[in-house]
Amino acid sequence: MTPRFAPFTTWMDWHTGLLDPERGQVERRLSDMSGYYLDEQGVDGGQLVYRVYAIPVEETGSEIQCSTTVIEPGRVADEYFMTKGHFHAVWHRSEIYLGLRGEGRLVMATEAGEHAVEPIRPGSVSYVPGGWAHRSVNVGDEQLVFFAAYVGDAGHDYGTIADRGFPVRVVAGAHGPEVVDNPRYRKE
Ligand code: M6P
Ligand code: ZN
């Protein structure tokens, strides 16, 4: 059997999350996230929320997709900057997150409405089991940087979260980040 390609190395800056060589980048501004935050009145759509730097490989079950995500510090009303969040299109595919910089929360939810919130910070290794939608939230005042790896054919289902939201939101409370119910969450 002939291997599909030769081994290769990518250099990662563990502080900034930047990859060398940079092979692919996705940028999300507030204008790309309309409807994701509860109170979007008067938002500046041009504001950068996060970037994802990928190490692209074929989207098959033989490969492992890896990326770093850098979420800027900031809020929309009381809600911290966050990623869109998704289920995997192949719903049972799992994912690993390694925290590299900053202070964050990994918000997860099942289709049945169960939820879990885990910390992301330097040294955290979070396991996202299959069937759990996942979103990361920057609750600190510097960039949140983490590395993620998942099976190549997992795919992203954004539609379910865009339609229904997560059961909880992470907001700035009087004494720091708080997890509160999302009044707009729809189970089915
Ligand atoms: C992590 C991984 C990626 C994902 C990124 C941003 O790096 O889960 O697959 O693309 O976070 O999250 P989202 O795609 O939900 O915007
Ligand atoms: Zn994922």
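What is the volume of the largest cavity? In this predicted model, the largest cavity has a volume of about 70 Å³, and it belongs to a set of two cavities of 30 Å³ or more. Its lining is made up of Phe 87, Ala 109, Thr 110, Glu 111, Thr 160, Ile 161, Arg 164, Gly 165, Tyr 185, Arg 186 and Lys 187, which divide by class into four nonpolar, three polar and four charged residues. Helix α1, spanning residues 159–164, gives the most to this lining, with three residues.

The second largest cavity has a volume of about 40 Å³ and is lined by Glu 79, Met 82, Val 107, Arg 135, Val 137, Val 168, Arg 169 and Val 170. Two or more of these residues come from each of the strands β12 (133–138) and β14 (168–173), with β14 providing the largest share, three residues. In this lining, five residues are nonpolar and three are charged, whereas none is polar.

In one of them, the ring centres of Phe 5 and Phe 8 are 6.2 Å apart and the planes meet at 45°, so the pair is tilted. Both members of this pair are partly exposed, Phe 5 with a relative accessible area of 45% and Phe 8 with one of 42%. The other pair, formed by Tyr 97 and Phe 146, is stacked, with 4.6 Å from centre to centre and 15° between the planes. Because Tyr 97 lies in strand β8 (residues 95–101) and Phe 146 in strand β13 (residues 144–151), this pair ties together parts that are 49 residues apart in sequence. Tyr 97 counts as buried at 5% relative accessibility, and Phe 146 likewise counts as buried, at 1%.

A further aromatic residue, Tyr 158, has charged side chains over its ring: Arg 28 lies over the face at 5.8 Å from the ring centre, and Lys 84 lies over the face at 5.6 Å from the ring centre.

Turning to the backbone, most residues other than glycine have a negative phi, and most peptide bonds are trans. Against this background, a cis peptide bond joins Asp 20 and Pro 21, with omega at about 0°, and Pro 21 is found in the loop between β2 (19–20) and β3 (25–29). Ala 77, although not a glycine, has a positive phi of about 55°; this residue lies in the loop between β6 (75–76) and β7 (79–80) and, at 44% relative accessibility, counts as partly exposed.

Notes:
Residues numbered from 1 in each chain as written. Chains lettered and ligands numbered in written order. Predicted model: local features only at pLDDT ≥ 70, side-chain atom pairs only at ≥ 80, totals over all residues. Heavy atoms only, no water. Helix = DSSP H or I, 4+ residues; strand = E, 2+ residues; numbered from the N terminus. Buried < 20%, exposed > 50% of the residue type's maximum accessible area, 1.4 Å probe, protein only. Phe/Tyr/Trp six-rings, centres within 6.5 Å; stacked < 30°, edge-to-face > 60°. Lys NZ or Arg CZ within 6 Å of the ring centre and 35° of its normal. 1 Å grid on protein atoms, 1.4 Å probe; cavity = no way out; pocket = protein on both sides within 12 Å on 5 of 7 lines; lining within 4 Å. Points joined across faces, edges and corners; volume = space filled by probe spheres on them. Nonpolar A, V, L, I, M, F, W, Y, C, P; charged D, E, K, R; others polar.
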